[in-house]
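Could you give me a friendly briefing on how some of the strands in this protein pair up?

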Amino acid sequence: MRHIQDMRVRDPFILTDKEKGCYYLIASDRLARIDGRPGEGVDYLRSEDLIHFEEPKAAFRPDANFFSPHQFWAPEVHAYKGRYYLFVTTWGRWGEEPIDTDVLSEGEIRGTQIFVADEMTGPYREWSHGPVTPRKDLTLDGTLYVAPDGKPYMIYCHEWRQIIDGTIVALPLTEDLRAAAGEPVTLFKGSDAPWATGDFVETYENTPYHKVIYVTDGPFLFNDLSGGLCMLWSTGGEGIYTTGISRSPSGNVLGPWEQSEQALFTGDGGHAMLFHTLQGQLMLALHQPNGAPDERLRLFPARLTETGLALEPALARG
């Protein structure tokens, strides 16, 4: 067993299995383990108390022909129409697609790919034909949102590394979640949030940079008590990793989106998501601090408000 305080976890995603009375932490193999090996795929770690976690087990392992050899970032699992879908940011070489070679090596792409399984824990197999996000763009952190009319979207981040001021984007998906069903729509920029201060990057990839950039990271959507559609996301604020909330008062995923005046969490933690415990308590999960290799899973009791979310003190994990 592994104790929550001893596990390096980045970009946590937790599923509650009421039938089996347990939880599953979904994590990339590279970050679920602490021995420094290259990633092998996606793991899950089972827990009955959110304190002690069983050893990682494989949820997805690529075959020898998979295009991404060892990059599996920000995995999420979503139940949809009787099956389970794994969203993972992958990075590698894919055919002869045109790529911005100032950002990626020729022939490489990074984006969110979708996998499918009949069980929550897998095994997952490839579902989309490579990443669903635009292959000319440097993207990450895709998550699933299903609109009230049943239309599915992938919400993802277009990275600052390519556009300086990162954005959050909505991409309509086909009903079977296998491909894009339309053009991406930019919802907002990282600099739109009053609490986002940006980060000064002096060098990037060993070359002079000298630019203020705005990260966009880890979108996760939920509804508040008044019917507004809210989004957790993270960026730099006052020099540290910060998480805030954006809100679409109409409930429409395409907005317009409004930014909260104050950040939700300012303690160098982010890439947050929500889940309910077996007892029905709403919980926020994020990683804190942001710097490697010290990232740990942090859990906070939360409650919905008329315009978003409020956090209670973090749970003691003795």
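In this predicted model, Ala-79 stands opposite Tyr-84 in strand 8. Tyr-84 also stands opposite Ala-117 in strand 9. Strands here are DSSP runs of E with at least two residues, numbered from the N terminus, and two strands pair if DSSP finds at least two bridges between them.

- Strand 7 (residues 72-80) runs antiparallel to strand 8 (residues 83-93), and 7 bridges join them.

**A closer look at Thr-89**
- Thr-89 lies in strand 8 and is buried, with a relative accessible area of 1% (buried means under 20%, using a 1.4 Å probe and protein chains only).
- The side chain of Thr-89 reaches the backbone nitrogen of Asp-141 at 2.9 Å.

- Another 4 strands form an open sheet in the order 17-18-19-20, with antiparallel pairing.
- Its edge strands, strand 17 (217-223) and strand 20 (258-259), each pair on one side only.
- Strand 19 (residues 240-248) and strand 20 are joined by 2 bridges, and Arg-247 has Glu-258 as its bridge partner in strand 20.

**How to read the values**
- Residues are numbered from 1 along each chain as its sequence is written, and side-chain values use heavy atoms, leaving out hydrogens and water.
- Local features need pLDDT of at least 70 and side-chain atom pairs count only at pLDDT 80 or more, while totals for chains, interfaces and linings use all residues.

Conventions. Buried < 20%, exposed > 50% of the residue type's maximum accessible area, 1.4 Å probe, protein only. Polar contact = N/O pair within 3.5 Å; in protein donor to acceptor, adjacent residues only side chain to side chain.
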